[in-house]
Amino acid sequence: MNPLEGRPVHIAGGGILGLATAHALAKAGARVTLFDASEDRPSASAIAAGMLAPAFEACLDPVSRPHYRLLRDARNLWPEFAGETGIVLDRGGARYRGAGIDAVLAELQAIGADWESREDDVFTAEDWRVDPGQALPALRRTLDRAGVRTVGKRLETPDPDVATVAATGWELLEWAPETLALTAIKGHILTLPGQSSGEAVERSRSGYLCPSSQGLRLGATMEPGRSDLIPDPTVAGALFDRLAPPALWPVRASSTIQVGIRAATADGLPMVGPSARPGIWLAVGARRNGWLLAPLVARMMAAYLAGGDSGFWSQALWPGRFEVSTGE
């Protein structure tokens, strides 16, 4: 007997973690309702480069450095997930250019990543990407075909008789006390329409250049503790100055500025699993790796709700690793 067959499940949040979890649960037979207010406020997943980058994330982001194996395992779930959802998966790799190339090469060696030293860069085939502009609509079409019901508003009060998954990003939820452990991180990203940096993502210690269907994306800032969605032209201008090669300076005026708010925990890993509140489950806090971690989080959530084995990384992502008051 399938424990999820016909079981109602509510998911709060229409970013990549919520959508991927909806897919996994619907595939397992659950009757999924997705509460998605992203039309009023776009999710951080839509304002992202869509990089699936275990190698360079571990090398360039100190918070992600201890988590290379987890990030790599999550990436390895992407071919199956992309095949099921119609998401185009780009395995073109990524390259690092600029200052500190020897240190990056040493770090790739230390974590055991595959790499190739070339004339003016270090290349890794381990880092893939998707285009959110293609991936999000493809995933939503898949959910529609699977019978997932979407409600275009925020879930204010969970139904006590229905399992509810919080996949809401950075916002504090009264009904999910673990969200007290989340910190908001504001991020600016620039898009230069009609521009491209080539086939591979280009990384540096200043940020990244990433081709997309909207144009070349330059990103991204990390501004902890800020949750406003107001673009700051000064911050965006500094980002352009750091990243844009001279050939792009003439098209600076055509760049668009977007802001997304990421949710982060103290250790940089999401909370995935049961809340202290009965009937509530968590899939929040992926920081800058929401796209990368989505298939792993979704698979774990489906296993939890089915009463099965949530997998090797369940302890690392256990929500109870942070002490928060339940208010009871």
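Predicted model: local features only at pLDDT ≥ 70, side-chain atom pairs only at ≥ 80, totals over all residues.
Let me begin with the helix pair. Helix α3, which covers residues 68-75, packs against helix α8, residues 290-306, with the two axes 8 Å apart and an angle of about 75 degrees between them. Because angles of 65 to 115 degrees count as roughly perpendicular, that is the description that applies to α3 and α8. If you look at the residues that meet there, α3 contributes L70, L71, A74 and R75, while α8 contributes L292, L293 and L296.

A disulfide, as a reminder, is a covalent bond between the sulfur atoms of two cysteines. How many disulfides does the model hold? The count comes to zero. C59 is in no disulfide, and the nearest cysteine sulfur to its own belongs to C210, 18 Å away. The cut-off for a disulfide is a pair of cysteine sulfur atoms within 2.5 Å.

Now to R95, which sits in strand β4, residues 94-96. This arginine counts as buried because its relative accessibility is 18%, and the cut-off for buried is under 20%. The side chain of R95 has a polar contact, at 3.4 Å, with the side chain of D121.

Finally, T265, which lies in the loop that runs between β15 (256-264) and β16 (271-274). Although T265 is in a loop, this threonine is buried, with a relative accessible area of 8%. Leaving aside residues up to four places away in sequence, T265 touches A181, L182, M271, G285, R321 and F322. Within its own stretch of chain, the T265 side chain makes a polar contact of 2.8 Å with the side chain of D267. One further distance concerns V284, which is 19 residues from T265 in sequence and 8.9 Å from it in space, taken C-alpha to C-alpha.

Definitions and conventions:
Residues numbered from 1 in each chain as written. Heavy atoms only, no water. Helix = DSSP H or I, 4+ residues; strand = E, 2+ residues; numbered from the N terminus. Buried < 20%, exposed > 50% of the residue type's maximum accessible area, 1.4 Å probe, protein only. Polar contact = N/O pair within 3.5 Å; in protein donor to acceptor, adjacent residues only side chain to side chain. Axes fitted to C-alpha atoms, helices over the stretch in contact; angles between N-to-C directions. Parallel < 35°, antiparallel > 145°, perpendicular 65-115°, else oblique. Contact = heavy atoms within 4.5 Å.
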